Amino acid sequence: MNLTQLLNDMTLDEKIDQFIQLATFFYAGAETQGEITGPMEDMGISQEIIRNSGSVLGASGAKEVKNIQKVHLENNRLGIPLLMMADIVHGFKTIFPVPLAIGCSWDEELAERSAEIAAKEAAVSGVHVTFAPMVDLVRDPRWGRVMETTGEDPYLNSRFAKAFVRGFQGDDLTNDTDRVAACVKHFAAYGAPEGGRDYNTVNMSERELREYYLPAYKAALDEGCEMVMTAFNTVDGIPATGNKKLMRDLLREEWDFNGVMISDWGAVKELIPHGIAADESEAAFKAINAGVDIEMMTACYVKNLKDLVEAEEVKEELIDEAVIRILELKEKLGLFENPYRGADEQLEKEVIMSTEHREVAYELATKSCVLLKNEEILPLQKDKKIALIGPFANNGDILGQWSWQGSKEESVKIYEGMTNKVGIANVLTARGSGIDSATDDQFAEAVKIAKKADVIVLALGEKSEMSGEAGSRSNIRLPDVQLKLIEEMKKLNKPIVSVLINGRPLDLHGVYEESDGILEGWFPGTEGGRAIADLLYGDVNPSGRLTMSFPYNVGQVPVYYNHYNTGRPKDAPDAQDRYVSQYLDIPNEPLFPFGFGLSYTNYQYSDLTLSTDHLTANDEIEVSVKVKNVGSTKGEEVVQLYVRDLVGEVVRPLKELKAYQKIKLNPGEEREITFSLTEEQLRYYHADLSFESDTGKFKVFVGPNSRECLEQSFDLRK
Ligand code: NOJ
């Protein structure tokens, strides 16, 4: 397709109408409402605008998508196909664990595979673009959307951002119709809202932004991610969606991004309540100048850009550039040749929720759950009587947010997973309580069956709406009624194992002390119950490691491993009792740190060795360590390497993750693991925003988590 010719044939109206993205139900040919994820309003737009529009939000299902496209092509003067976009975040119908859980697998290959499967199921259902990966760095578990990202570390988030993009896109979007284009989001720093309240203000220095928050978006783009979505928040006083410095200067100029930029839902018009635009015309003016091409679900562009161009306030070249980017994406996806692309009713039947896909969901779920506590109670013995109690004992709400196509009914519940393994005779069950309410009868029944059991397994947590978008909480403990349920169970003096289903790190008061074992299951997806049963009974050895700290309590938040030392660190040799940086009532340390997770075996670390005691610019240091499985169960260990720059121009974090390897070890097996470290990995943003390293002393830490490491040191010389 000659896109320049096509552009020349388009009227100004037709160009501008390409910019609007509307939900499914605007289109003739649609049978369903599609995916609604934001406020709706009557946009008062004409049929002509809909006929000329460029993309659809939330359409899926081969039949419906083909129908929408067919009717559209019959009515669109130039025959320009629609792009079908939707949120395929952690699976389409086969649902994988939520991204925060996927991060805890530290398994990039499997993460990539999950995205590939999500892409395939979505592509046969007619989707062309997914609004994923979400790579926002997070430090505040009050924010409900922490479940959508892989956590608090810029390096790990970047690795997973790349893995997801590879999985979604493959390497030939034109010919591989099983893949979809990816849209990294939310640019930028959406993960740092004040107070953890969704959509709230974000304020940070540019240095902080560049060092921690931007790397994962950049990593996704380096991997070829086709699109970028703006964020709802402000960045240094300017809403991201109207932020020229962020998009035009940084993303387009500095990073050379030529793909399509889309606003988040309604975010262009939200420039008005934010207070940087007086009306829709000014909102359109600011967003197009800042670099937003597609406006999702509001009509500021289609109603105002033409007047702005005619008044010579917005240059037509700006419009043309944006249109070309959209047309290029359509061309890359092969839509001019085949507007229906991968949509195929027959393949939908064969591919979606196939055994193969469910197996990957199962494997990833086993690797994503994190064993947080185990006082010799797990694994459960198969001949013991278990009382499985709690709101998640037999509940299909284990998929988490962004599983709008997933089916709770077709997901494996915990009860199902356990009874499939050991039979119904050994698993007594009662609900005990709802998520946030209970009746006396429910408690009484739980007590009755718990009395008959050897071990009580409590399946507790948050329902899916308690996290995700608009799912912020100020109290991140389990709801009171569930804490009461634990209390009642505790009176029976039997061992208690708590299995947690939730979308954020919780404050575990009322759970931690009371439980002999704790398995963090997150929202584990379609095969969740099966994976949890295998982990509880020890058929699979837990290998998940946290990628976001669990606070001691909410008063510590934000709490993250890669923080600074302060001038008055609590653990300094000359620290006083009082005048140090501390809380009077709680520890400084989180309950569980980044990288933490137990297994049913023990790994011993020894012989941390550096190949040299100094590093120069063109050289590398080999860091090796021996890791031995000293228990009697085979397992997988995540060997983590951190560094600390002892004296920087700018203060440096106490630890920074620089590399990791996930390895399998049989009982008694020892392996030597080697990492190489270069000067490049030690660079960071200095006060003048130059990206460079400091000469001088560095520490290297290797260990099973960010808290318990062996250490060595070296000098960087230039
Ligand atoms: C709003 C969310 O913030 C974003 O992540 C999502 O992709 C869009 N809605 C579209 O559903």
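User: What distance separates the centres of domain 2 and domain 3?

Analyst: The model is a predicted one. Its chain is divided into domain 1 (87-347), domain 2 (353-536) and domain 3 (603-717). Taken over C-alpha atoms, the centres of domain 2 and domain 3 are separated by 36 Å.

User: Which strands stand at the edges of the six-stranded open sheet?

Analyst: The order of the strands is E11-E16-E15-E14-E12-E13, with mixed pairing. A strand with a single partner has one side left without a neighbour in the sheet, so the edges are held by strand E11 (370-374) and strand E13 (427-430).

User: Which residue in E16 does Val370 stand opposite?

Analyst: E11 pairs with strand E16 (residues 517-520) in the antiparallel sense, over four bridges. In E16, the residue opposite Val370 is Glu520.

User: What angle does the direction of helix H19 make with that of E14?

Analyst: Helix H19 (residues 480-490) packs on the sheet and touches E12, E14 and E15. The angle between the direction of H19 and that of E14 is about 175°.

User: How many nonpolar, polar and charged residues does the contact of H6 with H7 have?

Analyst: The axes of helix H6 (residues 108-124) and helix H7 (residues 154-169) come within 7 Å and cross at roughly 35°; the crossing is right-handed. Among the residues in contact are Ala111 and Glu112 of H6, and Phe160 and Arg166 of H7. By class, the contact has eight nonpolar, two polar and five charged residues.

Methods. Residues numbered from 1 in each chain as written. Predicted model: local features only at pLDDT ≥ 70, side-chain atom pairs only at ≥ 80, totals over all residues. Heavy atoms only, no water. Domains from an automatic or database assignment. Pairing = 2+ DSSP bridges. Helix = DSSP H or I, 4+ residues; strand = E, 2+ residues; numbered from the N terminus. Contact = heavy atoms within 4.5 Å. Axes fitted to C-alpha atoms, helices over the stretch in contact; angles between N-to-C directions. Left-handed = near helix turned anticlockwise from the far one by under 90°. Nonpolar A, V, L, I, M, F, W, Y, C, P; charged D, E, K, R; others polar.
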